[in-house]
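Here are some notes to read alongside the model. Please keep the sequence and the 3D view open while going through them.

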Amino acid sequence: MKKKRSFIMGCLLLVAMLPYTFFASAQTKVTVKVEDNSYRVIRGKVTDAEGHSLPGVNVRVKGVQGGTVGDIDGNFMLSAPREDVVLIVSYIGMVTQEVTVKGSQKKEIQIHMKEDVNEVSEVVVTGYATLKKESFTGNTITVKKEELQKVSKTNVIAALQAF
């Protein structure tokens, strides 16, 4: 009961002083810092096998809702619990990885992703639909992977336009 009364008296005193505080603190900057020791910040960089940064990589903590997206240089930063956590790192065209980060780890982590290589059977690109080779009656060319990579390593559509 005594705590409740002192709290109410403190609130009344604060309300009574409010107009004076407004004028007195017009040039005063107040910063409130709340520290929560149950979370930490994990920083890192994601690259491909050759060391090129991967912009827009998705990083999230396993079992925790939400996550982050890497910047144009592949750098990311996210909040995670202080205990050991598993980061799930995913990117289009790369194998999704799970990386364990120790609770005591302070330094920035480096993640190197591997290409997700899938073989595709013969496909005819018409711009309208995918057809079986046997039912296609137009002109076709065959372009090898190496030929595409000579034109553009990052944009398949642009490389196909060259042919």
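The points below go from the whole chain to single residues.

1. Basis. This is a predicted model, in which local features need pLDDT of at least 70 and side-chain atom pairs count only at pLDDT 80 or more, while totals for chains, interfaces and linings use all residues. Residues are numbered from 1 along each chain as its sequence is written, and side-chain values use heavy atoms, with hydrogens and water left out.

2. Overall make-up. The protein has three helices and nine strands; helices (H or I, at least four residues) and strands (E, at least two) are DSSP runs numbered from the N terminus. Along the sequence the pattern reads α-β-β-β-β-β-β-β-β-β-α-α.

3. Of the 163 residues, 19% are buried, where buried means under 20% relative accessible area, exposed over 50%, and partly exposed in between (1.4 Å probe, protein chains only). The protein exposes about 13700 Å², and carbon and sulfur atoms supply 56% of this area; accessible areas come from the Shrake-Rupley method with a 1.4 Å probe, and for residues only the protein chains shown count as cover. Among contacts with a separation of 6 or more, 45% are between residues 24 or more positions apart; a contact means heavy atoms within 4.5 Å.

4. The open sheet. Four strands form an open sheet in the order β3-β2-β5-β6, with antiparallel pairing. Its edge strands are β3 (68-69) and β6 (97-101), each of which pairs on one side only. Two strands pair if DSSP finds at least two bridges between them. Strand β2 (residues 58-61) and β3 are joined over two bridges in the antiparallel sense, and Val59 has Thr68 in β3 as its bridge partner.

5. Thr47. This residue lies in strand β1 (residues 39-47). Thr47 is counted as buried because its relative accessible area is 5%. Its side chain makes a polar contact with the side chain of His112 (2.8 Å). A polar contact is a pair of N or O atoms within 3.5 Å; within protein, one must be able to donate a hydrogen and the other to accept it, and residues adjacent in sequence count only if both atoms are side-chain atoms. Leaving aside neighbours within four places in sequence, Thr47 is in contact with His52, Ser53, Leu54, Ile111, His112 and Met113.

6. Val151. Where is Val151 placed? Val151 is in helix α2 (residues 145-151). Val151 is classed as partly exposed because its relative accessible area is 42%.
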